[in-house]
Amino acid sequence: MQKATITSGVTAQRISKTITFYKNESKAASMLQQNGPKPLLLLLPWLGSQPHAVDKYREIYFRQGFDVLTVESKTSHFLWPRWGLDYGAQVLELLQSDSFVSRPLLLHAFSIGGYTFSQMMVHISKNAQQYKSVTDRIKGQIYDSLVIGSVERMATGVGKMVLPNVEGLLRKGSLLYFSVLKGYTVDYYNVAIDMFWNNPPQTPALFFYCENDPLSDHMEVERLLKSWHLRGINVVGKGWKDSLHAGHLRKHPQEYLATLHQFLQSLSMTPLKAKM
């Protein structure tokens, strides 16, 4: 496992090609650790995300004192869901390892990263007792530009994020692929999507979304918010008429940070005086 110092007080440790642990030993982290085990952020970026873009979000949590576990998704995890399920199981096992087993958890998933988490939820629903130590530690969940809606919308999302110059061709190819291999793809997606609707974590949730997002149906997001609310989950939604998919922080920085800060304060996971 390779280690490297990436910013003051933070060391990066590469666990695998797609998973990196950022250990925070800054002053903010020391303050946070006085109240017990240091919280761990499970960060699930959007497909094809660039490190410098994700760094902006990691920095927010470094300033709050969090350690960060970044779990990247691959196109193959989506196109062949069995691999995605295997990957979800790997992440769950990692969260139960000695390094992380006592850590309070916060989830922040972007775009199709929410799908990766749903694959983890499939395992949790089938083996609730086995993964109880994980679910009991999830204190909050944040979804930014959740890809939700039809399989066609999901295919469009893959095209836009992987090869935007030929997204139309990729979308058509993906839909044909889904149609031919329905039993190996669409049926798995439906199970994963069902997890979001019927077996969500019973912890407070924050959703960032917008009305002009081609990859996220805002009406479906709002319907999901109502569904979770009826289940007794404390849900907060922050929506905009005009914004960018997985780019709300760039488009609306002050509102984004203020909403996120208020949510984190409600979870009592950050120092009162910590700056976003």
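I began with the salt bridges and counted 9 of them. The model I am reading is predicted.

**Entry 1: aspartate 67 and lysine 38**

I looked up the pair aspartate 67 and lysine 38. Their side chains form a salt bridge, with N and O 3.0 Å apart. I then checked where each residue sits. Aspartate 67 belongs to strand E5 (residues 67-71), while lysine 38 is in the loop between helix H1 (27-33) and strand E4 (40-44), so the bridge ties together parts 29 residues apart in sequence. Are these two residues buried or exposed? I found aspartate 67 buried, and lysine 38 buried as well. I also noted a network of salt bridges that links Lys38, Asp67 and Arg103.

**Entry 2: aspartate 55 and arginine 58**

Next I turned to a salt bridge between aspartate 55 and arginine 58, where the closest N and O atoms are 2.7 Å apart. Both residues are in helix H2 (residues 51-64), and because they are 3 residues apart there, about one helical turn separates them. I looked up the accessibility of each partner. Aspartate 55 has a relative accessible area of 32%, so I wrote it down as partly exposed. Arginine 58 has 4%, which means it is buried, since the cut-off for buried is under 20%.

**Entry 3: arginine 223 and glutamate 220**

I looked at helix H10 (residues 218-230) for this entry. Here the side chains of arginine 223 and glutamate 220 meet in a salt bridge, 3.0 Å from N to O. How far apart are arginine 223 and glutamate 220 in helix H10? I read 3 residues, or about one helical turn. Arginine 223 is partly exposed, with a relative accessible area of 47%.

**Entry 4: helices H4 and H5**

I left the salt bridges and looked up a helix pair. Two packed helices are described by the angle and the distance between their axes. The axes of helix H4 (residues 81-95) and helix H5 (residues 113-126) cross at roughly 75 degrees and come within 8 Å. I therefore recorded H4 as roughly perpendicular to H5, as the range for that word is 65 to 115 degrees.

Which residues of H4 and H5 make the contact? From H4 I listed several, including Pro81, Gly84, Leu85, Tyr87, Val91 and Leu95. On the H5 side, the residues include Tyr115, Gln119, Met120, His123 and Ile124. I sorted the residues of this contact by type and got 11 nonpolar, 5 polar and 1 charged. Asp86 of H4 is among the contact residues, and Asp counts as charged.

Key: Residues numbered from 1 in each chain as written. Predicted model: local features only at pLDDT ≥ 70, side-chain atom pairs only at ≥ 80, totals over all residues. Heavy atoms only, no water. Axes fitted to C-alpha atoms, helices over the stretch in contact; angles between N-to-C directions. Helix = DSSP H or I, 4+ residues; strand = E, 2+ residues; numbered from the N terminus. Parallel < 35°, antiparallel > 145°, perpendicular 65-115°, else oblique. Contact = heavy atoms within 4.5 Å. Salt bridge = Lys/Arg side-chain N within 4 Å of Asp/Glu carboxyl O. Buried < 20%, exposed > 50% of the residue type's maximum accessible area, 1.4 Å probe, protein only.
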